[in-house]
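Visitor: Could you take me through one part of this model with care, looking at how a pair of neighbouring elements is arranged and what follows them?

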Amino acid sequence: MADVQGVGLSSRERQCLRWVEEGKSSWAIGVILKVSENTVNFHVKNAMRKLETTSRTQCVVKARRVGLIE
């Protein structure tokens with residue numbers, strides 16, 4: 001597992017990942033958070049980059065394992 005010491009997610013990135021974990025699409029998350037689908041994808045992709053993952057699911061699992069989302 002890549003070193004995630006010092007990695008921090010923004011509050012919006014954490015919100016988006018929590019909704020991804022619930023199985024919501026980017027469109028649905030955008031409706032819930034009152035932002036565009038593109039904005040949701042931006043935050044999810046930033047989280048994926050920070051955690052060095054290649055999929056949304058992998059990102060959620062890794063964020064949960066290292067305690068970045070509760």
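Guide: Helix 1 (residues 11–21) and helix 2 (residues 26–33) pack at an angle of about 125°, and their axes lie 10 Å apart; helices here are DSSP runs of H or I with at least four residues, numbered from the N terminus, while axes are lines fitted to C-alpha atoms over the stretch in contact, with angles running from 0 to 180 degrees between N-to-C directions. This is a predicted model, in which local features need pLDDT of at least 70 and side-chain atom pairs count only at pLDDT 80 or more, whereas totals for chains, interfaces and linings use all residues. Residues are numbered from 1 along each chain as its sequence is written, and side-chain values use heavy atoms, with hydrogens and water left out.

Helix 1 and helix 2 are therefore oblique to each other, a word for angles that are neither under 35 degrees (roughly parallel), nor over 145 (roughly antiparallel), nor 65 to 115 (roughly perpendicular). From helix 1, R12, Q15, C16, W19 and V20 meet I29, I32 and L33 of helix 2, contact being heavy atoms within 4.5 Å.

Beyond this pair, K34 is found in the loop between helix 2 and helix 3 (37–50), and its phi is near 60°, a positive value in a residue other than glycine. K34 counts as exposed because its relative accessibility is 74%, where exposed means over 50% relative accessible area, buried under 20% and partly exposed in between (1.4 Å probe, protein chains only). E52, in the loop between helix 3 and helix 4 (56–65), also has a positive phi, of about 55°, although it is not a glycine, and E52 is exposed with a relative accessible area of 56%.

Notes. Helices (H or I, at least four residues) and strands (E, at least two) are DSSP runs, numbered from the N terminus.
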